[in-house]
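Good morning, colleagues. Please look at the screen.

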Amino acid sequence: SMKFKTVAIDGGAAVGKSSVSKECAKTLNYMHVDTGSHYRTIAYILLDKGIAPSLGEDAVSQALKGVEISTLIFGNSARMSVGGKEIEDSLIRTDKVNQNVSLFAAMPQVREFLKGYQRSMEGVAKEKNFAGLVMEGRDIGSVIFPNAEIKIFLDADEETRRKRRANEGISDSISKRDALDKNRKTAPLVRPEGSVLIDTSNMSKEEVIAKTLALIAEA
Ligand code: CDP
Ligand code: CDP
């Protein structure tokens, strides 16, 4: 009855993926992985090396060759580290990263670089004796784990999402990022086949968490 479950949580910017994923993982003793932080970390590292998205895919590919990724576990969350060093949240949630991350994430070389790593997280969660895995992102149910036991697609109207992000005191052009994420060729943001849609516009965080926990229990 305690079957290991993989939960895929996808959706656009500021729909509530992180708050819901983290809380569900904690409640169920599942391992939590935020793949948005992976793309943000890669964007930060590349920008720090002086590589802008406009330099193109070959320059990005070349720069990625020297990037060594590994994993650090903090409580229920597995965090990607680079060169054995923890990359702090304050470094990857800047305006500059917000403005560039989707441009890097549209590059097939960047997605390929992270895909194997993200898929390996199921094995890590099992090895660390977690009861399951909750992974959030844009393409988890569609590309990374198309066979996940449960797929959830979170949505909320744009006004609500803009307000939520503004309440965090972060300047972030979420509609621009969403447009880039939906329109790219490789692994675009889509509602995955077989996913349950939750519109969180008029739901509290607690309500979304309760609904998600119920769906996981049924799966
Ligand atoms: O927190 P927020 O929802 O604003 O964004 P995020 O989840 O941190 O993701 C940052 C960016 O990474 C997204 O806008 C996408 O461009 C990219 N991303 C992606 O392409 N695929 C994923 N699985 C996760 C994030
Ligand atoms: O990970 P993602 O960018 O999708 O969203 P988040 O960081 O979990 O949530 C964005 C903001 O919306 C946070 O400040 C949450 O507290 C808030 N939120 C909310 O007000 N109501 C919800 N149902 C979910 C999140």
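Of the 219 residues in the protein chain, 40% count as buried, meaning that 20 or more other C-beta atoms, placed from the backbone, lie within 10 Å of the residue's own. This is a predicted model, in which local features need pLDDT of at least 70 and side-chain atom pairs count only at pLDDT 80 or more, while totals for chains, interfaces and linings use all residues. Residues are numbered from 1 along each chain as its sequence is written, and chains are lettered from A and ligands numbered from 1 in the order in which they are written.

The protein chain contains 11 helices and seven strands; these are DSSP runs, numbered from the N terminus, of H or I over at least four residues for helices and of E over at least two for strands.

Let me turn to ligand 1. It is surrounded by 16 residues, the closest being A13, G36, Y39, A105 and G137; a residue is near a molecule if its C-beta atom, placed from the backbone, lies within 6 Å of it. Helices α2 (35-48), α5 (95-105) and α10 (174-183) each supply at least two residues of this shell, and α2 has the largest share, with four.

Ligand 2 also has 16 residues around it, of which G16, K17, S18, S19 and R164 come nearest. Here α1 (17-28), α9 (158-167) and α11 (205-218) each contribute at least two residues, and α1 gives the most, with three.

Definitions and conventions:
Buried ≥ 20, exposed ≤ 12 C-beta atoms within 10 Å, placed from the backbone.
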